[in-house]
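Reader: I've just opened this one and I'm new to it. Could you walk me through it?

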Amino acid sequence: MYVQESDIFFTKGNGWISRWIQYWSGGEVNHTGIFSNKAPIEEAFSIEALWNGVVEQRFYDYYRDTETSVEVWRPKNITHLDRINIALKAYADVGEAYGYFDLYTQLLDAVFFRGKWYLFRRLGKIGPSSICSSYVLQWYKTQGFYFGLDTHEGQPDDIRKFCQSNPDKYELIFPLANI
């Protein structure tokens, strides 16, 4: 399987934080990021917001032989230049901090509004650091692509549902499975 710059990936982990995000978001996946190069999956690099900040890393080495399932979507309505610019914006964020505070606002929205409203996330925009889904939304927004969400409102499953419900705009490249 080949991936391209700006292809979006989602993961479904089995750790306690992953399960917590899945439970409170009501979704099947708990993490998202993008690919930064065009390559076979074994040689592809991802850019994603992890606990230690925004990182670029060899995707396959990080996710293979784990209990984490992976899914990959490719935007159809995008030019090669848009792909490159999204990946460059993501690359510029490598080294940025992870938004732990955003996890708490996400939890409050889930507890009080069960994912229907994003009051605490809107009120909690206190700095540039964000969670994985906010970064993906920001990177795509730089080229004028939206997922029907504000950059601080979405969670991974919201982006995934948008891809699933817009087959004219997004193509499933790799279904949710282990690599």
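Predicted model: local features only at pLDDT ≥ 70, side-chain atom pairs only at ≥ 80, totals over all residues.

Reader: OK, and what does aspartate 7 form with arginine 74?

Author: A salt bridge, with the closest N and O atoms 2.9 Å apart. The term stands for a side-chain nitrogen of Lys or Arg within 4 Å of a carboxyl oxygen of Asp or Glu. Aspartate 7 sits in the loop between β1 (2–3) and β2, and arginine 74 sits in strand β7 (residues 69–75), so the pair ties together parts that are 67 residues apart in sequence. Strands (E, at least two residues) and helices (H or I, at least four) are DSSP runs, numbered from the N terminus.

Reader: Which other arginine does aspartate 7 form a salt bridge with?

Author: Arginine 83, where the closest N and O atoms are 3.2 Å apart. Arginine 83 belongs to helix α3 (residues 80–92) and aspartate 7 to the loop between β1 and β2, so this pair ties together parts 76 residues apart in sequence.

Reader: Why do aspartate 7 and arginine 83 count as buried?

Author: Aspartate 7 counts as buried because its relative accessibility is 0%. Arginine 83 counts as buried too, because its value is 4%.

Reader: How many salt bridges does the count come to?

Author: The count comes to 11. Another of them is between arginine 64 and aspartate 61, at 3.9 Å from N to O. That pair is partly exposed: arginine 64 has 35% relative accessibility, and aspartate 61 has 43%. There's also a network, in which Lys12, Glu28, Glu71, Asp157, Arg160 and Lys161 are joined by salt bridges that share partners.

Reader: Switching topic. How many helices and strands are there?

Author: The protein has 7 helices and 8 strands. Six of the strands are in an open sheet: 6 strands in the order β6-β5-β3-β2-β7-β8, with antiparallel pairing. Two strands pair if DSSP finds at least two bridges between them.

Reader: Which strands stand at the edges?

Author: β6 and β8 (170–177) do; each has a single partner strand, so one side of each is left without a neighbour in the sheet. On average, neighbouring strands of this sheet are turned by 25° against each other, direction ignored.

Reader: How many bridges join β5 to β6?

Author: 6 bridges join β5 (residues 45–50) to β6 (residues 53–58), and the two run antiparallel. A hairpin of 2 residues links β5 to β6. Along β6, glutamine 57 is the bridge partner of serine 46, and glycine 53 stands opposite leucine 50.

Reader: What stands opposite serine 46 over in β3? I see β3 and β5 pair.

Author: Phenylalanine 35 stands opposite serine 46 of β5. β3 and β5 pair in the antiparallel sense over 2 bridges. With β2, β3 has 4 bridges, again antiparallel, and threonine 11 stands opposite histidine 31 of β3 there.

Reader: How many residues of β3 are buried?

Author: 5 of the 5 residues of β3 (residues 31–35) are buried, so the strand is largely enclosed by the rest of the structure. For the protein, 52% of the 179 residues count as buried.

Reader: And glycine 15, where does it lie?

Author: In the loop between β2 (8–12) and α1 (16–25). Glycine 15 counts as partly exposed, at 37% relative accessibility. From glycine 15 to threonine 68 is 9.0 Å, C-alpha to C-alpha, though they are 53 residues apart in sequence.

Reader: Last one: how many disulfides does the structure hold?

Author: It holds 0 disulfides, a disulfide being a pair of cysteine sulfur atoms within 2.5 Å. Cysteine 132 is buried at 6% relative accessible area, and cysteine 163 is buried at 0% relative accessibility.

Notes
Residues numbered from 1 in each chain as written. Heavy atoms only, no water. Buried < 20%, exposed > 50% of the residue type's maximum accessible area, 1.4 Å probe, protein only. Axes fitted to C-alpha atoms, helices over the stretch in contact; angles between N-to-C directions.
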